Amino acid sequence: MGIVVHAFPARDVYMEGTMRHGRDYVIVDHIKRPILLTLWKDFESIEGCVIDEAMPTMPIIIAMRVRVLTENYISLSTQPSSVILVAPDGLEARELDCWCERNISELVHMIFDNKSYTDPAILLPPVRAPTLTAISSVASFTRFDRATVWIKGRVEIACPMTRFWHLACPHCYHPYDFFTTLGIWCLSCGLGMSIFLRFIPCLVLVSCFGSN
């Protein structure tokens with residue numbers, strides 16, 4: 001559930017061999033984490049028209065079974081099984097509407113000035129301290145044959161504006177650009193493979209002493 005605070009112009013995109021009509025919307029809730037929601041094809045022509053007519057009042061919508069995309073930043077996108085409800089009538093929707101009225105100036109600043117919907121630091125905020133577990137606490141439940149020096153620190157995603165995935169060989173996990181190697185033989189292990197995505201974040205571990 002979120003409030004539609006801005007609608008970008010509609011666009012036509014050539015995707016998967018067909019021309020697809022869609023439109024991006026910025027939605028936000030009380031967590032103050034603006035995110036893009038893209039309505040494609042029938043969703044844009046039906047629910048999108050209802051949203052467009054209600055944009056002066058910033059309508060509330062409920063998006064169910066939408067895809068989560070992670071290319072450059074997190075966004076949402078409709079798929080055939082998605083459900084979009086516009087202006088639902090319920091207590092939570094009314095409370096969210098009242099919250100929007102109290103925070104409208106801050107939301108406008110976040111979206112139009114800072115473009116927070118493309119900021120990974122807001123879309124993927126650092127983990128709060130109460131949810132962190134010291135490595136030493138985890139190690140206390142295990143036994144190791146060799147001596148180990150433990151450090152306490154935090155893990156951050158480095159270079160967040162890059163893609164969060166890559167194409168890799170399913171046998172040796174070595175990344176390659178299979179669009180140039182045709183995705184048939186791995187140049188690392190020499191085995192055949194099928195192209196598929198693999199998650200590859202770049203992590204930085206910072207100790208309590210400030211060293212990486």
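Is Asp-24 buried or exposed? The model on screen is predicted.

**The whole chain**

Show the chain as a cartoon. The secondary structure comes to seven helices and 12 strands. Of the 212 residues, 31% count as buried. For contacts between residues at least 6 apart in sequence, 54% join residues at least 24 apart.

**First stop: Asp-24 and Arg-11**

Asp-24 counts as buried because its relative accessibility is 13%, and the cut-off for buried is under 20%. Arg-11, with a relative accessible area of 33%, is partly exposed. The two side chains meet in a salt bridge, with 3.1 Å from N to O. Arg-11 sits in strand β2 (residues 11–15) and Asp-24 in strand β3, so the pair links distant parts of the chain, 13 residues apart.

**Second stop: Arg-23 and Asp-52**

Next, select Arg-23 and Asp-52. Their side chains form a salt bridge at 3.3 Å, N to O. Arg-23 belongs to strand β3 and Asp-52 to helix α2 (residues 47–54), so this bridge ties together parts that are 29 residues apart in sequence. Arg-23 is buried, at 14% relative accessible area, whereas Asp-52 is partly exposed, at 39%.

Which residue does the side chain of Glu-106 meet in a salt bridge? Select Lys-32 to see the partner: the N to O distance is 2.8 Å. Glu-106 is in helix α4 (residues 104–113), while Lys-32 is in the loop between β3 and β4, so the pair ties together parts that are 74 residues apart in sequence. Glu-106 counts as partly exposed at 34% relative accessibility, and Lys-32 counts as partly exposed at 26%. The count of salt bridges in the model comes to four.

Phe-112 counts as partly exposed, at 43% relative accessibility. Together with Phe-112 they form a nonpolar patch on the surface, with about 220 Å² of accessible area between them.

Hide the surface and turn to the inside. Which residues touch the most other members of the largest nonpolar core? Select Val-4, Ile-27, Leu-37, Leu-39 and Ile-51: these are the ones, in a core of 16 residues. Colour the strands β1 (2–7), β3 (18–28) and β4 (35–40), each of which supplies at least two residues of this core. The largest share, three residues, comes from β4.

Now centre the view on Ile-27. Leaving aside neighbours within four places in sequence, Ile-27 is in contact with Ile-3, Val-4, Arg-33, Pro-34, Ile-35, Leu-37, Ile-61 and Leu-76.

Another core, of 14 residues, lies apart from the largest one. To find it, select some of its members, including Leu-36, Ala-93, Cys-100 and Tyr-117.

Methods. Residues are numbered from 1 along each chain as its sequence is written. This is a predicted model: local features need pLDDT of at least 70, side-chain atom pairs count only at pLDDT 80 or more; totals for chains, interfaces and linings use all residues. Side-chain values use heavy atoms; hydrogens and water are left out. A nonpolar core is a set of buried Ala, Val, Leu, Ile, Met, Phe, Trp, Tyr and Cys residues joined through side-chain atoms within 4.5 Å. Buried means under 20% relative accessible area, exposed over 50%, partly exposed in between (1.4 Å probe, protein chains only). Helices (H or I, at least four residues) and strands (E, at least two) are DSSP runs, numbered from the N terminus. Contact means heavy atoms within 4.5 Å. Patches are made of residues with over 30% relative accessible area and no salt bridge: like charges are joined within 9 Å, nonpolar side chains (Val, Leu, Ile, Met, Phe, Trp, Tyr) within 5 Å. Accessible areas come from the Shrake-Rupley method with a 1.4 Å probe; for residues, only the protein chains shown count as cover.
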